[in-house]
Amino acid sequence: MDQMGQGELRLHASSFGAAAPAYAEHRPDYARAAVEWALGCAPGPRVLDLGAGTGKLTAALAALGAEVSAVEPDSAMLAELRRALPDVRALSGSAESIPLPDGSVDAVLAGNAMHWFDMAVAGPEIARVLAPGGVLAGLWNVLDDGVEWVAGLARVAGSAAVGPRDTPASWCVETADMHLPKTGADARFGSPEQAEFPHGQARTADSLVATLATRAGVLVMEEREREAAPARIRAFLASRPETARGGFTLPMRTGALRVRRL
């Protein structure tokens, strides 16, 4: 993803709205332990879910008792969030232009979203809304390709469906190096901490195909390949004893990175 030009990056980042209902239905939630770890050193309960999408992470934060504000730039995704979580404060905005006052939150979390941020702009903006000592954390759900059949699924599905940050080793290196605010003499954030947590999602062949169809690489894929990919995935799942008999659990991990506002 990091090799994309700005035009291609914007195309991928803006692709989700067309699939907002499917995203809401099929994308996984986040491992509770990962969300708790991300919040573990926050000084208070006020949390911003930035790039909140349809509210997958927002719901987890609300369930933990946080005072959540959700900010999302895509109107279709925001509409799904508001429908699912009518009691949550949900605002139109972006990581580069956050519609909240200075120092108004104790933590900023982003679920499968931080890699879309222009951190040169978003870093100072996030620092602005964070209270002193506040926490910035990113969470990513990735497929556990340490499981043999999941590694095979990744190969069959192709890089558009299972690409950068979608397996543990790739997100671990790439996200820490590329998507957190920089540290240094003029840094607003301290050194990053990183952790991984086991997770899983109940799936069938149909729902797994539907899940992969919400990936940005698939949403912008040429129509011929977008139609061919599900057949390959279904054939693979039918060939595996772990997935051939109906419902199964898709092995996943939730990776988390956090830094503290200086």
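**Ground rules.** In this predicted model, local features need pLDDT of at least 70 and side-chain atom pairs count only at pLDDT 80 or more, while totals for chains, interfaces and linings use all residues. Residues are numbered from 1 along each chain as its sequence is written, and side-chain values use heavy atoms, with hydrogens and water left out.

**The sheet.** I looked up the strands (DSSP runs of E, at least two residues; helices are runs of H or I, at least four; both numbered from the N terminus). Seven of them make an open, mixed sheet, ordered β3-β2-β1-β4-β5-β7-β6. β3 (89-92) and β6 (193-203) are at the edges with a single partner strand each, so one side of each has no neighbour in the sheet. From one strand to the next, the twist averages 25°; angles run from 0 to 180 degrees between N-to-C directions, with axes as lines fitted to C-alpha atoms, for helices over the stretch in contact.

**One pair.** I then checked β5 (residues 130-143) and β7 (residues 248-260): they run antiparallel, joined by 9 bridges. Pairing takes at least two DSSP bridges between two strands. Leucine 136 has valine 259 in β7 as its bridge partner.

**Helices on the sheet.** α7 packs on the sheet and touches β5 and β7, where contact means heavy atoms within 4.5 Å. The direction of α7 makes about 85° with that of β7. I found α6 (residues 119-129) lying across β1 (46-50), β4 (105-111) and β5, at about 125° to β5.
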